[in-house]
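Me: Could you walk me through this model before I set anything up with it? I would like the overall picture, then some details.

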Amino acid sequence: MKSAESPPDWASVEVAVPRQPARLPGVCMAGFRQRAPVRVDIAMVAHPSVTLFVDLSDADSLVYDAHGRRQCGSTVVGLVPGDLRLGGRAAGGIECLQIRLSPALAVAVFGASTDLSGTVVSLDDVWGRDAGRTEERLRAATSWDARFTIAADALGRRMSARPSPDPEVAAAWWLMLTNRGRVRVDNLASEVGWSRKRLWSRFRSQIGLTPKHAARLVRFDHAAHLLAAGNAAAQVAATSGYADQAHLHREVKAFTGVTPTAIADAPWLAIDDVAWPTRSRT
């Protein structure tokens with residue numbers, strides 16, 4: 001996950017997180033600002049969330065490249081987007097708001113996540129006119145706290161106007177996170193009171209991945225952060241429940257296209273402990 005350019009100097013990046021606990025369970029937000037002229041080129045890492053990047057720079061400065069398709073400005077990144085890079089250049093610096101949504105919550109915000117899985121799409125394409133209005137309000141806000149409130153209000157309005165996911169689907173996702181992806185689909189189905197077939201069908205239609213694929217993503221995320229924390233690949237494989245180091249290698253390659261060694265050097269993972277300080281790493 002090494003960038004083609006020099007990695008950003010994270011010491012010069014202002015990172016802001018909400019002062020109060022999230023009003024909306026399943027939502028995490030962080031603001032990033034680098035005032036100096038900068039060129040960014042970062043390989044992004046698959047994460048078990050649907051992610052919004054709201055570009056608040058003076059002009060559309062952020063560029064996303066996925067599967068050879070480039071997208072500028074504010075963007076929604078679905079689950080398992082594959083080979084994804086975030087880049088951009090801005091004379092006045094780069095500023096953005098990142099919002100991570102639990103896939104179960106994303107159902108209520110965007111509708112079924114199926115259409116978002118494996119994709120990177122413009123926020124305008126997903127939210128329509130609401131995207132522009134919300135972005136204008138975020139740009140006009142004078143503090144990150146105000147921006148976090150505006151974003152939470154916008155998400156809350158959309159949630160109230162759309163159906164929530166099946167409680168069983170939300171429960172299955174929570175069980176995956178709790179067990180860090182080390183859970184059998186049969187056991188999930190038993191826990192939520194559904195048949196394996198029904199869980200597979202409803203989970204796939206709402207979350208956008210099969211239960212098995214989703215559990216693999218959650219387990220990969222845990223392993224990726226252990227690698228970024230400096231743990232040896234063999235130890236990470238054992239801790240994360242992989243059969244062996246080769247199994248870990250195959251899974252990392254499947255989700256990112258690179259090796260565990262490259263994942264360990266990923267600059268975007270390196271800042272996670274700053275931007276998302278409540279996240280457990282053990």
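**Overview and details**

Reply: The secondary structure of the protein comes to 13 helices and ten strands, where helices (H or I, at least four residues) and strands (E, at least two) are DSSP runs numbered from the N terminus. This is a predicted model, in which local features need pLDDT of at least 70 and side-chain atom pairs count only at pLDDT 80 or more, while totals for chains, interfaces and linings use all residues. Residues are numbered from 1 along each chain as its sequence is written, and side-chain values use heavy atoms, with hydrogens and water left out.

Me: What does the pLDDT average, and what share of the residues score at least 70?

Reply: The average pLDDT (the predictor's confidence in each residue, from 0 to 100) is 83, and 84% of the residues score at least 70.

Me: OK, burial next. What percentage of the 282 residues is buried?

Reply: Buried residues make up 53% of the 282, where buried means under 20% relative accessible area, exposed over 50% and partly exposed in between, with a 1.4 Å probe and protein chains only.

Me: Is strand β4 mostly covered or mostly open?

Reply: Strand β4 (residues 50-55) is mostly covered, since six of its six residues are buried. Val 50, Leu 52 and Val 54 are buried on one side, and Thr 51, Phe 53 and Asp 55 are buried on the other. In a regular strand the side chains alternate between the two faces of the sheet.

Me: Which strands does β4 run antiparallel to?

Reply: Six bridges join β4 to strand β9 (residues 94-101) in an antiparallel arrangement, and three bridges join β4 to strand β7 (residues 75-77), also antiparallel; two strands pair if DSSP finds at least two bridges between them. On the β9 side, Phe 53 has Gln 98 as its bridge partner and Asp 55 stands opposite Cys 96, whereas Thr 51 stands opposite Val 77 in β7.

Me: What about β9, how many of its residues are buried?

Reply: Eight of the eight residues of β9 are buried. Ile 94, Cys 96, Gln 98 and Arg 100 point one way, while Glu 95, Leu 97, Ile 99 and Leu 101 point the other way. Strand β2 (residues 27-34) is joined to β9 by eight bridges and runs antiparallel to β9, with Ala 30 standing opposite Gln 98.

Me: Switching to arginines: is Arg 147 buried or exposed?

Reply: Arg 147, which lies in helix α4 (residues 144-160), is buried, because its relative accessible area is 5%. Leaving aside neighbours within four places in sequence, Arg 147 is in contact with Arg 33, Leu 56, Glu 95, Leu 138, Arg 139 and Ala 141.

Me: And Arg 70, buried or exposed?

Reply: Arg 70, in strand β6 (residues 69-72), has 57% relative accessibility and therefore counts as exposed. Arg 70 and Arg 85 are 15 residues apart in sequence and 9.5 Å apart in space, C-alpha to C-alpha.

Me: What is phi at Arg 180?

Reply: Phi of Arg 180 is near 55°, a positive value in a residue other than glycine. Arg 180 is found in the loop between α5 (167-178) and α6 (185-192), and Arg 180 is partly exposed, with a relative accessible area of 31%.

Me: Last topic, which residues line the second largest pocket?

Reply: The lining consists of Gly 181, Val 183, Arg 184, Val 185, Asp 186, Arg 196, Lys 212, Ala 215, Arg 216 and Arg 219. Helix α8 (211-228) and α6 each supply at least two residues of this lining, and the largest share, four residues, comes from α8. On a 1 Å grid over the protein atoms alone, a pocket is an open set of points where a 1.4 Å probe fits, with protein on both sides within 12 Å along at least five of seven lines, and lining residues have an atom within 4 Å of a point.

Technical notes:
Contact means heavy atoms within 4.5 Å.
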